[in-house]
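Please look over the sequence and the model below before reading on.

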Amino acid sequence: MALHLDNNASSKYSDVEVVASISCLEDDISQSIENLKSQGSILDKLKAVHLHLLASERWNASRLKLCHRHYSDSARNLIHYLALRCLDLEQLKEDLSCNSLLNLESINSYILASLTAGIQLLDNQKSSSLNTQESILYQEENGNFMIQALGKKLSANKELLLGPLRHNQTNHIMVTVGQEASESEISDILKAGASIIRINCAHGNPSIWSEIIRRVKTSSQMLEMPCQILMDLAGPKLRTGNLKPGPCIIKISPKKNATGNVILPSQVWLSHKDAGPPPSHLSPDAVLFIDDKKFLSELQVGHILKFSDARECSRTAYVQSGTELHRKGKKIRFPAAQVVDVPAVEPFIRLRVGDLLTISRDSSCEQDESSEPISSAHRITCSSSCLFDSVKPGEPIAFDDGKIWGLIQGASISEIVVSITHAGPRGTKLGSGKSINIPKSNIHFEGLTTKDLMDLEFVASHADMVGISFVRDSCDIAMLRKELEKRKVQNLGVVLKIETKSGFERLPHILLEAMKSSNPLGVMIARGDLAVECGWERLADMQEEILSICGAAHVPVIWATQVLESLVKFGVPTRAEITDVASARRASCVMLNKGKHVVEAVSTLDKILHINTAQMKADLMKPLLPSSHFF
């Protein structure tokens, strides 16, 4: 028989069927549901809920049988959680709270066992035991399916995926690094508290990734600090194409006051082209690589260097590759050294409200941004055909994680014209490789791209975990399982990145599909794209829901995107970022992105995550207590 639920309550998990087809329990279930709807006793209501969970489990028995034995209990508990959420239990929650019984909001990890314990407790209070037939309903044949065992499931799965925690730590810290991270910087990151390093496969290539991994493993071994490596597959993300590179030149400016007078000269780090970056305790305004080691070795404090500016200017200097540096002397002419390997200026276009932006498939149409456009029309490319096949006029489009918004004015198979509706007061820069989101469009992506499959070969043999970007439904996971089985990598951790609306709405099905394999499993809340796709105002509730669902499935969660971003980039956090980190304590791992002050950010994050809140509460209570010897 079907359990007809309230439409509003059941719509959230409509894709998970909670229907009972057990004829032997039909009368009991019917009576229990009637008791739940009526003003019956708390015990009757708990029994009705208990039967409802058993019915939903049996209805999904075929789905549960497909789960790997390691995840069988967790999958069952997830079904129980979804069945419980489909019911309107506000009155029952209030009744339980008033009688100091169960808190239905805190039993996600062991739902059926907790309800069973509550029923038995109430029965004992009534001093009337259950008859033999009823008692079968409230006893689990599998001894592992108990509160204590299920309570340890999440901890076990967390260690299986993320590795063991360090002494006195309760959460892992993950840090994204790129090819610019030196061995010494990685060592500082690990010493500050990080235990996982993330590499984004959307950038770089196997040779770059191999060098990063070598540095990580060397630092880890020298410090005797275990470190896991997560590699994110790029996934089918829409990105802006490459703009024409700018000139290879660097701007060096002294610090000035409000009146324009120089108050501090620029600090420039000079080193040989084969040397690494400057020490982490220094923050120079510019780094210049020199081709002559002898020239550098002869420099002393107080020496003055002369060079010709790349422009006609006597104050702020522009230095390019090939610029000659001369050591100033009164009579002796010292040999010169040349500046080499000055990186190209990162190209961008500046978009303002009201501008028109044309997105083209043809890379030959890209705009030369070495000079400002004559009109307010700009051009950029995107190589994905999905974008041009899916959008319609009138639909919104966002760039660079929602920093720029626009409205599609026209679309064809080769071009899209966008009117910019939101940007900064002075315009917002849009560069190469930035994200494109079309939240209202019906777009279909392949689960794993050709690049993902090629990168997976490297990841499977070099990393501890693989991140799957833009998971949308269980079909994406089925495809991934086949690829992992083909490569025989049962121990590779799998992190599902939830960053789309469909991925969020189908999360229960996605988890059940992933539980069919033995690979360690985790979920990352990728809040950047998730907020753009689903709306900023929904993000807080969505991350709470993901934490709750994953808690029921005993799946560790990684809290990511813009964590302590101001501290990472500028050295000072905002108040909101600090409280965001405090909320992140409920996750198994918190991720930081790379930045200039990332070592300091790791240290701060470690302190916030692992502060002794119990001791803090005790210290706050001391002034209110007459004497501590009573406790």
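On a 1 Å grid over the protein atoms alone, a cavity is a set of points where a 1.4 Å probe fits but cannot get out, whereas a pocket is an open set with protein on both sides within 12 Å along at least five of seven lines, and lining residues are those with an atom within 4 Å of a point. Grid points are joined across faces, edges and corners, and a volume is the space filled by probe spheres set on the points. This is a predicted model, in which local features need pLDDT of at least 70 and side-chain atom pairs count only at pLDDT 80 or more, while totals for chains, interfaces and linings use all residues. Residues are numbered from 1 along each chain as its sequence is written, and side-chain values use heavy atoms, with hydrogens and water left out.

A search of the whole structure finds 2 cavities of 30 Å³ or more. The second largest cavity, with a volume of about 50 Å³, is lined by Phe-295, Glu-298, Leu-299, Arg-327, Phe-334 and Pro-335. If Ala, Val, Leu, Ile, Met, Phe, Trp, Tyr, Cys and Pro count as nonpolar, Asp, Glu, Lys and Arg as charged, and the others, Gly among them, as polar, then this lining has 4 nonpolar, no polar and 2 charged residues. The largest cavity has a volume of about 60 Å³, and its lining, with 7 nonpolar, 2 polar and 1 charged residues, includes Ile-477, Arg-481, Asn-519 and Pro-520. Helices (H or I, at least four residues) and strands (E, at least two) are DSSP runs, numbered from the N terminus; helix H15 (residues 474-487) gives the most to the lining of the largest cavity, with 4 residues.

The second largest pocket holds about 880 Å³ of space. Of the 32 residues that line this pocket, Glu-180, Glu-185, Pro-277, Pro-278 and Lys-596 are the closest to its centre. Strand S1 (172-176), helix H10 (183-192), S8 and helix H22 (598-609) are the elements that give two or more residues to the lining. By class, the lining divides into 15 nonpolar, 10 polar and 7 charged residues. The pocket lies between domain 2 (160-236 + 447-611) and domain 3 (249-340), because both give residues to its lining; the domain bounds come from an automatic or database domain assignment.

Strand S8 also belongs to an open sheet of 5 strands, with the order S7-S8-S12-S11-S9 and mixed pairing, where two strands pair if DSSP finds at least two bridges between them. Strand S7 (268-272) and strand S9 (305-306) stand at the edges, each with a single partner strand, so one side of each is left without a neighbour in the sheet. Strand S8 (residues 286-290) and strand S12 (residues 337-340) run antiparallel and are joined by 2 bridges, and Phe-289 has Val-340 as its bridge partner in S12.

Most residues other than glycine have a negative phi. Phe-470, in the loop between strand S21 (465-468) and H15, has a positive phi near 55°. Gln-562, in the loop between strand S24 (557-560) and helix H20 (565-570), likewise has a positive phi, near 60°. Buried means under 20% relative accessible area, exposed over 50%, and partly exposed in between (1.4 Å probe, protein chains only); Phe-470 counts as buried because its relative accessibility is 6%, whereas Gln-562, at 47%, is partly exposed.
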